[in-house]
Amino acid sequence: MAHTAPAGGFSRTPDVFGAKVHTAARYGVPVVLGLVYGFWAATNRRDGGPITGWNVLFGCVTAIAFIVLCIAVATFAPLLKRELHSAVKSGFAGASVGFLYSQSGESVLRSTALGLVVAAGIFVVFFYRYYTHEDAEGNRIR
């Protein structure tokens, strides 16, 4: 029997993954991203020099901070209105990029400028997506 869309509305695609897969992805993706981010920050900081214990510690602390913040943003940002939701996610992305850039030895002003540019670009993309897929109360329309 063929699946048909309800009269006058869009149908959602079926969810092919179970609850366990979604739970694993909810925490697994931030952990993997955090490990990559911590390694990248530590690599930027050592600037081609030898790997030291302090460098490894810096990478681990950076990874843990990124993981915690990423999970917090993913958990609490959807509870906000679309403008704040977009601002929180884009602020996190901009700050993350700015911090990575600052570890490469660049000035604070250039790091801040890059973080603001990235945050502004991501804000536009997220706001457009939420504006076109939610009603004024934040309910999905598609």
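Which residue lies over the face of Phe126? Select Phe126 and look above the ring: Lys89 is there, 5.4 Å from the ring centre. A charge sits over a ring if NZ of Lys or CZ of Arg is within 6 Å of the ring centre and within 35 degrees of the ring normal.

**Before you go on**

This is a predicted model: local features need pLDDT of at least 70, side-chain atom pairs count only at pLDDT 80 or more, and totals for chains, interfaces and linings use all residues. Residues are numbered from 1 along each chain as its sequence is written, and side-chain values use heavy atoms, with hydrogens and water left out.

**Stop 1: the whole chain**

Show the cartoon. You will find four helices and zero strands. Along the sequence, the pattern reads α-α-α-α. Helices (H or I, at least four residues) and strands (E, at least two) are DSSP runs, numbered from the N terminus. The chain has 142 residues, and 23% of them count as buried. Buried means under 20% relative accessible area, exposed means over 50%, and partly exposed is in between (1.4 Å probe, protein chains only).

**Stop 2: Tyr37 and Phe66**

Now select the aromatic rings. The structure holds six aromatic pairs. Rings of Phe, Tyr and Trp (its six-membered ring) pair if their centres lie within 6.5 Å; planes under 30 degrees apart count as stacked, over 60 as edge-to-face and the rest as tilted. Zoom in on Tyr37 and Phe66. This pair is stacked, at 4.5 Å centre to centre with 20° between the planes. Tyr37 lies in helix H1 (residues 19-46) and Phe66 in helix H2 (residues 53-76), so the pair ties together parts that are 29 residues apart in sequence. Buried or exposed, which is Tyr37? Tyr37 is buried, with a relative accessible area of 9%. Phe66 is buried too, at 12% relative accessibility.

**Stop 3: Phe127 and Tyr131**

Move to helix H4 (residues 108-133), where both Phe127 and Tyr131 lie. They are four residues apart, about one turn of the helix. Their rings are stacked, 5.6 Å centre to centre, with 25° between the planes. Phe127 is partly exposed, at 24% relative accessibility. Tyr131 is also partly exposed, at 48%.

**Stop 4: Arg45 and Phe58**

Finish with a charge over a ring. Select Arg45 and Phe58. The charged end of Arg45 sits over the ring of Phe58, 4.3 Å from the ring centre.
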